[in-house]
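Please work through the exercises below with the sequence and the structure at hand. Each task is followed by a solution in steps.

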Amino acid sequence: MKIVVCIKQVPDTTEVRINPVTGTLIREGVPSIMNPDDKGGLEYALQLKDKFGAHVTVITMGLPQAEAILREALAMGVDRAILLTDRKLGGADTLATSSAIAGALRTMDFDLIITGRQAIDGDTAQVGPQIAEHLDLPQVSYMEDLQYDEATKTFTIKKQLEDGYQILEMHAPCVVTALASSVQPRYMTVSGIVDAWDKEVEVWGADRINVPDEHIGKAGSPTSVFKSFPKQLKPAGQTFEVSPEEAVELIVNKLKEKHII
Amino acid sequence: MNLAEYKDVYVFAEQRNGKLQNVALELLGKARELADANNEKVVAMLLGKDVKPLAQTLIEHGADRVMVVDNDLLKDYMTEPYTQAITAIIEKEKPSILLIGATTIGRDLGPRVSARNRTGLTADATKLEISDDEAHEFRMTRPAFGGNLMATILCKNHRPQMSTVRPGVMQKMAADTNRKGEVVDFNVDFNVDKINRVKLVKTVKEEKTVTDISEAKILVSGGRGVGTKDGFAKLEALAKELGGEVSSSRAMVDAGVMDASRQVGQTGKTVRPALYMACGISGAIQHLAGMEESDYIVAINKDKFAPIFQVADLGIVGDLHKIVPMLTERLKTMQK
């Protein structure tokens, strides 16, 4: 079995703070990490490697420094790592991103493609299903469990819904998008970290993927950002440092005034 | 692509087991506004099996036309048949705008439809508007960078202009039983081979998620400062006294204290209750994104620098473990 896991390097958005005076982002010192849902997806792939001897490749599209998450994946135990990086791929929205990654995948052998459900910097949850569409493959998103039956070559997937879940079956080749919360990713091992530096990270440019220029980068993006701005928080109300008794009075009076009680 | 051929605002009317999802009606309310700004129609796309009786509700909430695709293949939501049906409607009817609820279903369907039709899809917009200049541009605003920034997105040269919208963000119109609309049966020539590539074994409903916090008028919400299940018992007592529900921040879900279905925020639910009481919640930007539209926000926190005070209408610097039980007792005596 051959598995390709698509991963992304993202800023750790939980570490981002707002300057309370200016209302702007404090970006300094925000660490870059492997996107949590992608890491969950990678763990599912490595579990299939443990059980069935699957060959696991990771691919990421991004800036050259995204090599860091590929090294991390190698240290966790993947067999092959590919960095897709090219100026021509920059400025891409989800459709152009998925077109480029699908182009890379088209040149590879695989039975299963795993992506994270969504990346924490964009929260779109679009690239996984769009990759599946470009490759004309079936897909199940919001995966919270994955089983494989070797005899029938069937993947059985538990898909999360708001009010329950579904059990679905697919055959290779197919695409799943994984939830981070459903699995505990393994740690890098010491020998894994040492070995990771001896392994090659393949660097691919846009010329490797055979996708027309009008489908990648800014040119291949139907959407564009018209403007971006810091979130306008509503004006703060009043804050009181008072005894618990006084606090209760304040709350009761306000709730009465607002006809809530 | 001749953009002038594309018109009207289409809404995916999500239903589950023959029950329309609230977000479908919320989207119709917004679609009505957008369509009126351009003198266009609102069209609801109703997919399923034996779902036609739901069309009237869609008309009462703002649809001018309901396109019904009724087929056994659409009984339960599945990516491929739903994508085929929506794509068939797009190809025939040429919508200018297409809105989908950002549920687990909509966020699975939307990207697949956008890629098949090679058009743009804005994820989880919080504001949709037609610009009031001559361009009459469709502008979609959404949180970016984990909710730290807002970005306004355009889809200039591709149609339909697609967006998903999270439940609870838009407001539905009051039902008007006198509204008239057209109900049209739409036939789709399904590619069954493609559909059969995924087999649905079963759909399981889980009872524990019955309470929908986004429907609650009053939420007593707890964060790290509440700490434990015992801490939440105090919040539950207060919520009961106020006639509300208990919700929580992500920290308490990650810690296993609260169920994920009660999580408020970027990765949880968006809520806009009449009263939101944030107890021991510091107010990470991801949490604020899910609750700052609440009508009235009371925050209780030990740390006077906690960001939650920046959005609170009434802030109390103090110990929730003392204040919450006292408030509960006070409310009890008031009732008598």
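This is a predicted model: local features need pLDDT of at least 70, side-chain atom pairs count only at pLDDT 80 or more; totals for chains, interfaces and linings use all residues.

Residues are numbered from 1 along each chain as its sequence is written, and chains are lettered from A and ligands numbered from 1 in the order in which they are written.

**Exercise 1.** Determine whether Leu42(A) counts as buried or exposed.

Solution. Begin with the location: Leu42(A) belongs to helix H1 (residues 36-52) of chain A. Helices (H or I, at least four residues) and strands (E, at least two) are DSSP runs, numbered from the N terminus. Next, apply the criterion: a residue is buried if 20 or more other C-beta atoms lie within 10 Å of its own, exposed if 12 or fewer, and partly exposed in between, with C-beta atoms placed from the backbone. Leu42(A) is buried because it has 29 C-beta neighbours inside 10 Å. Finally, list contacts (C-beta atoms, placed from the backbone, within 7 Å). Leaving aside residues up to four places away in sequence, Leu42(A) touches residues including Val5(A), Val58(A) and Pro185(A).

**Exercise 2.** Describe how chain B meets chain A.

Solution. Count first: 69 residues of chain B are in contact with 65 residues of chain A. On the side of chain B, strand E13 (residues 198-205) gives the most, with eight residues. Then examine the pairing, which requires that DSSP find at least two bridges between two strands. Strand E11 (residues 164-171) of chain A pairs with E13(B) in the antiparallel sense over seven bridges. Within E13(B), Lys199(B) stands opposite Glu169(A).

**Exercise 3.** In what order do the six strands of the open sheet lie?

Solution. The order is E15(A)-E18(B)-E17(B)-E16(B)-E14(B)-E15(B), with parallel pairing. The edges are strand E15 (238-241) of chain A and strand E15 (245-248) of chain B, each pairing on one side only. Inside the sheet, strand E16 (residues 275-279) and strand E17 (residues 296-301) of chain B pair in the parallel sense over five bridges. One bridge joins Tyr276(B) to Ile297(B) in E17(B).

**Exercise 4.** State how far apart the C-alpha centres of the two domains of chain B lie.

Solution. Chain B is divided into domain 1 (3-195) and domain 2 (208-335), with bounds from an automatic or database domain assignment. Their C-alpha centres lie 33 Å apart. The contact takes eight residues from domain 1 and nine residues from domain 2.

Notes:
Two residues are in contact if their C-beta atoms, placed from the backbone, lie within 7 Å.
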